[in-house]
Structures are given as structure tokens and as C-alpha cells.
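Please open the structure in your viewer and keep the selection panel at hand. This tour goes from one selection to the next and says, at each stop, what is there.

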Number of protein chains: 2
Amino acid sequence: MKTARVRRPAAIIAGCAPLAREPLGAQDAAELARIVKAIADPTRLRLLSLVAAHEGGEACVCDLTDPIGLSQPTISHHLKILVDAGLLSRDKRGVWAYYSLVPGALDALAGVLSTTTLQPS
Amino acid sequence: MKTARVRRPAAIIAGCAPLAREPLGAQDAAELARIVKAIADPTRLRLLSLVAAHEGGEACVCDLTDPIGLSQPTISHHLKILVDAGLLSRDKRGVWAYYSLVPGALDALAGVLSTTTLQPS
DNA sequence: CGGTGGTATTGATGGTTGTGAATACTCGCC
DNA sequence: GGCGAGTATTCACAACCATCAATACCACCG
């Protein structure tokens with residue numbers, strides 16, 4: 001069990017300046033890149049949108065394999081990466097594992113990337 | 001010369017729904033991932049912020065090698081990736097190549113990622 | 001308790017990528 | 001024209017990654 005990684009969700013990116021504000025330090029850049037890497041894959045982008053658009057805001061693995069068209073282990077693997085990045089949360093109820101968006105995580109990421117101060121309308 | 005790639009800047013991501021709105025198609029996901037991959041690297045994130053924070057909003061390669069601490073060819077390589085992704089623009093004046101943020105590119109990306117409708121304050 | 005079905009993990013593999021060394025290119029200048 | 005400086009490209013290599021097949025895990029049900 002060496003998964004004692006950082007594990008902090010999107011709090012670390014919330015602490016970063018808006019990217020265009022001031023030069024990013026090497027350490028902040030590394031942590032931010034770790035999050036961005038999680039969504040730098042077409043399959044994982046689709047998984048995020050599928051989960052978000054699914055009814056109830058959550059979906060289990062069996063809901064995702066068919067639309068994506070990849071094997072079940074591969075889907076589980078990508079989901080794990082998204083969970084580790086703090087973008088998805090996993091809720092195992094019985095045999096099924098339900099994944100849902102971590103509230104605010106994607107928005108925090110968007111906030112760091114945007115060059116202007118953004119706020120919900 | 002096979003660089004007749006897509007080359008469209010951030011227009012393609014502006015055409016995508018906000019990611020959480022509806023399931024992302026395979027093709028949209030691939031194009032979006034191509035852009036996201038460009039910023040999924042600590043060095044390139046730092047380059048973006050360095051360019052943005054530099055005086056005049058532009059910087060040449062020689063301004064960037066020292067703060068980053070990598071070789072000049074490597075910096076040029078990363079800059080090329082950012083330009084190809086439509087996030088940076090290159091303006092060669094004499095011997096110097098000045099890089100600057102493509103206006104709206106990062107914001108378009110942030111808009112696709114955010115789960116709420118965002119607008120500048 | 002044995003089976004069944006949903007999910008996670010392991011192992012292997014082909015492909016991608018970040019990096020530096022060496023080198024080529026391209027201006028401006030003497 | 002030739003030289004020097006800033007930048008880009010090529011080549012090579014180690015590290016990482018996305019994927020699948022096989023298998024293990026685990027909760028429920030008869």
C-alpha cells in the first residue's frame with residue numbers, strides 16, 4: 001500500500017494564483033500538472049462528462065463501459081486516476097460503485113486557467 | 001511539410017458544450033484532449049505563466065530558459081507544443097522570437113471545464 | 001455454502017513523451 | 001561575404017502510459 005500520495009482534492013489548485021497573474025513556482029506547477037494530466041486524455045474527458053450528465057449526477061462502471069467502448073478494467077483504471085486527482089468521488093453501495101463529480105473541483109481548475117476573474121452567473 | 005494539422009486555435013473547444021452539460025463525443029473528446037495535453041506538463045504550465053506575467057505580455061526564449069532551468073532546445077520544444085495547441089502565438093522579430101498568450105484561448109478552455117456558466121467580473 | 005455478477009488489480013506490451021547533445025537555420029552586423 | 005548570436009530541428013534514449021487478457025476480490029442470492 002503505497003497510495004499514501006498527496007490525495008488532497010482541488011484544494012491545492014485553489015491555492016494557486018490564476019496562472020496568468022504571477023510566474024508559477026516549480027512545485028505548484030508540478031502539483032497542478034498532476035491534476036491536469038488526469039483530464040489530458042479523451043477517454044477520461046468523456047468519462048467526466050458521462051458521469052456529470054448521467055441521471056442523479058452519478059454513474060456506475062457498467063453505465064460507462066458501453067458508451068465508451070473500452071474494456072471494463074480500462075474504464076476502472078481511468079476512473080481511479082480521476083478519483084486520485086480529486087475530480088471524481090467513489091461511493092460503493094453493495095456490488096456497485098457509483099462515481100460522481102467532486103463539487104467545485106473542475107471549477108477550481110477552470111479558475112486557475114482563466115485569465116480573468118470568473119464567477120458563476 | 002506535414003504540419004498541415006488542425007491548427008485551429010481555441011475555436012474547437014469553444015464549440016464544445018461545457019463538459020458537464022452533455023456526454024462528450026469521441027471526436028470532440030480527442031480534440032479537447034489534444035489541447036489539454038498541451039498544458040498537462042509542469043514546464044509548460046510555468047512557461048504559460050511566465051509569458052503571461054512578463055512585461056508587455058510577451059517573452060522570448062532567452063527570457064525563459066533561465067527561470068525554467070532547462071536547455072534551450074527543450075524550451076523551444078515546449079513552446080512549439082503550446083503554439084500548436086493554439087495557446088501561444090509566435091512573433092519573430094529579427095533574431096528574437098516573442099511568444100505571447102493567444103487572447104481568449106485559456107479562457108475558452110476554462111469555460112469548457114467549468115460546470116457553471118462563467119463570465120468575467 | 002457455492003455460485004454469480006459487478007468491480008478492482010496484476011502483468012505484459014506497444015506507443016507516446018520529456019529531455020539533452022549535436023547540429024542546422026536565420027537574421028543582423030563588421 | 002563571413003561571423004556571431006538567438007532559435008529551431010534531428011536524433012537517441014529513458015520513462016511513462018493506455019490498453020487488454022487474465023485473475024482476484026467482494027457482496028449478494030439461492
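Begin by selecting α3(B) in this predicted model, where 10 of the 12 residues are buried, so that the helix is largely enclosed by the rest of the structure. A residue is called buried here if 20 or more other C-beta atoms lie within 10 Å of its own, and in α3(B) the residues that pass this test are P42(B), T43(B), R44(B), L45(B), R46(B), L47(B), L48(B), S49(B), V51(B) and A52(B). If you then look along the length of α3(B), its end C-alpha atoms are 16 Å apart, which agrees with the 16 Å that its 12 residues should span at 1.5 Å a residue.

Next, show both protein chains together and look at where they touch, a contact that takes 39 residues from chain B and 39 residues from chain A.

Now move over to chain A and select its helix α2 (residues 26-38), which has 13 residues and reaches 19 Å from its first C-alpha to its last, close to the 18 Å expected at 1.5 Å a residue.

The next stop is DNA strand C, which 24 residues surround, the closest being C60(A), V61(A), C62(A), P73(A) and T74(B). The elements that give two or more residues to the surface near DNA strand C are α4 (61-68), α5 and β3 (96-101) of chain A, together with α5 of chain B. Among these, α5(A) gives the most, with six residues, and by class the surface near DNA strand C has 11 nonpolar, nine polar and four charged residues.

Finally, select DNA strand D: which of the 24 residues around it come nearest? They are G94(A), C60(B), V61(B), C62(B) and P73(B). At least two residues of the surface near DNA strand D are supplied by each of α5 (72-84) of chain A and α4 (61-68), α5 (72-84) and β3 (96-101) of chain B, with α5(B) giving the most, six residues. By class, the surface near DNA strand D has 11 nonpolar, nine polar and four charged residues.

Definitions and conventions. Residues are numbered from 1 along each chain as its sequence is written. Chains are lettered from A and ligands numbered from 1 in the order in which they are written. This is a predicted model: local features need pLDDT of at least 70, side-chain atom pairs count only at pLDDT 80 or more; totals for chains, interfaces and linings use all residues. Two residues are in contact if their C-beta atoms, placed from the backbone, lie within 7 Å. Helices (H or I, at least four residues) and strands (E, at least two) are DSSP runs, numbered from the N terminus. The expected span of a helix is 1.5 Å times one less than its number of residues. A residue is near a molecule or strand if its C-beta atom, placed from the backbone, lies within 6 Å of it. Ala, Val, Leu, Ile, Met, Phe, Trp, Tyr, Cys and Pro count as nonpolar, Asp, Glu, Lys and Arg as charged, and the others, Gly among them, as polar.
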